[in-house]
Amino acid sequence: MTLFPGEREPPPAHKLDRGDEADTALPVLGLSGCDLSLILNPGHGGLAPETAGGLWVGSTVGSLVLNLASFELEAVLYYKDFRNLSIQVAGSCALMSRNDKAFCLLASMFGNEIAVLEVDLAALVRSQQHPHLETHLSVLPSSCVFPPSPLYFGPAEEDCAKPASHRQAGDGRQLACGLANHLALVLAADLTGTPAVFSGHDGAVSALGWSHDNRWLLSASQDGTLRVWSVHRRELALSLGRDRLLKPVRCAQFYYLDSFVLLSSGPELQLLRCHLDTCKDEIKRYKQKSSCTPVLGLPTAGATEITSLSAMNEFYSHLVLTAGRDRTLEVFDLSVGRSAAVIAGAHSRPVHHICQNKGSSFTAQQPRAYDLFATMAVGDGIRLWDLRTLRCERRFEGHPNRCYPCGLAFSPCGRFVACGAEDRHILSSSARSSWRSWLFWYGHVSGSPESDVNK
């Protein structure tokens with residue numbers, strides 16, 4: 001008997017994500033490996049499946065296809081959904097997969113019936129994938145912004161999508177550190193010399209951000225204020241208090257090549273246009289010349305507190321990524337001033353860190369590499385996502401992270417992801433593989449399967 005997904009109504013993708021259609025308590029009757037590289041191919045915009053292995057799992061009431069790279073459920077085949085199949089509950093199951101075909105031998109639990117199924121695996125998986133987005137999402141913009149876009153502030157920018165051409169980016173010679181004693185420090189990267197001290201907050205410093213030209217340092221505090229400092233003058237350039245910010249700022253950064261300040265205040269994403277000037281008037285020397293103008297405020301879809309945000313400041317980009325307390329990821333397109341996509345249930349717990357592959361001014365990457373971003377949640381590992389498909393492409397686990405929100409970063413080449421752990425280790429893994437990982441501890445490398453890890 002040959003079965004094709006067209007004979008039945010496939011379960012909606014959102015139900016698969018919530019697990020409404022898959023009972024994880026069912027017994028496993030058979031296992032077989034399958035190749036998903038021909039199905040989840042890079043031509044559809046996904047991450048190149050160098051190890052796109054899958055697992056075909058047979059159970060009593062259906063069979064499942066698992067992606068071994070992301071541990072996501074790709075498709076479910078229920079025996080009861082096919083009118084030509086008399087076996088609805090299987091007592092035993094044998095599986096075999098070849099190319100894009102899968103063969104399943106079923107024996108009935110309550111009778112003497114045996115059935116051999118031939119399943120078009122490619123059609124099954126593609127019929128249950130997420131629907132294609134109406135708009136193409138990419139970190140690299142396809143065009144410049146025009147009025148009345150919130151990002152428009154003058155003549156259209158030229159060469160919007162050339163991230164490798166900007167050479168004024170950070171040189172890594174200075175390190176900023178926010179402390180619980182209300183101070184922000186700027187140190188030399190080699191930790192020598194006396195650090196520059198920036199004082200003025202009345203609460204612990206919760207967020208720090210460098211400007212693209214390294215002239216300014218942005219700090220947010222639990223006292224509900226946002227401050228911008230002149231790094232060279234070591235003085236305050238701009239201060240926003242509770243009269244301007246209704247709720248404490250959890251995340252803040254410079255955006256659009258320092259043209260804006262992007263911040264989250266409660267459930268709202270705010271875009272501010274700032275003019276920074278440290279020059280003093282001889283008469284009104286204590287009056288700040290810096291100013292800040294609100295440009296846009298966007299609430300999250302679920303009206304939930306934003307726990308993390310990320311956007312490119314290294315080049316012009318229209319997209320902003322946010323994570324909410326309700327475990328959702330939301331993509332905002334600021335060129336049109338609205339939400340562009342929402343990913344529900346991204347993790348089992350709220351995301352505390354979103355990290356984008358921002359590249360480096362000293363190395364070039366393929367354009368599609370900038371559409372990768374990673375998220376991290378306490379107790380739920382790291383997930384690698386692709387903006388073009390809004391799918392989890394890889395999952396990284398194995399580092400102890402049960403209580404404290406550890407950090408996450410991409411390497412400048414975009415090939416590796418590094419994260420902290422609660423056992424004082426740093427875990428580094430290739431962004432192209434979910435099984436091979438390398439453990440760094442106080443500068444020593446152990447268990448490196450590839451020689452280029454030490455380079």
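Colleague: Is Pro299 buried or exposed?

Modeller: This is a predicted model, and Pro299 has a relative accessibility of 53%. The cut-off for exposed is over 50%. Pro299 therefore counts as exposed.

Colleague: Which residues is Pro299 in contact with, leaving aside its neighbours within four places in sequence?

Modeller: Pro299 lies in strand E19, which covers residues 291-299. Leu269 is 30 residues from Pro299 in sequence, yet the C-alpha to C-alpha separation is 6.1 Å. With neighbours within four places in sequence set aside, the contacts of Pro299 are Pro267, Glu268 and Phe332.

Colleague: Which residue in E10 does Gln174 stand opposite?

Modeller: E9 pairs with strand E10 (residues 184-188) in the antiparallel sense, over five bridges. The residue in E10 opposite Gln174 is Ala188.

Colleague: Which element gives the largest share of the largest nonpolar core?

Modeller: That core has 24 residues, and Trp56, Val65, Leu85 and Leu106 have the most contacts inside it. Elements giving two or more residues to this core include strand E5 (73-78), strand E7 (101-108) and helix H2 (121-127). The largest share is four residues, and the element that gives it is H2.

Colleague: How many residues does the second, separate core have?

Modeller: Among its members are Val139, Leu321, Ala346 and Trp385. The size of this second core is 21 residues.

Definitions and conventions. Residues numbered from 1 in each chain as written. Predicted model: local features only at pLDDT ≥ 70, side-chain atom pairs only at ≥ 80, totals over all residues. Heavy atoms only, no water. Pairing = 2+ DSSP bridges. Buried < 20%, exposed > 50% of the residue type's maximum accessible area, 1.4 Å probe, protein only. Contact = heavy atoms within 4.5 Å. Core = buried A, V, L, I, M, F, W, Y, C linked by side-chain atoms within 4.5 Å.
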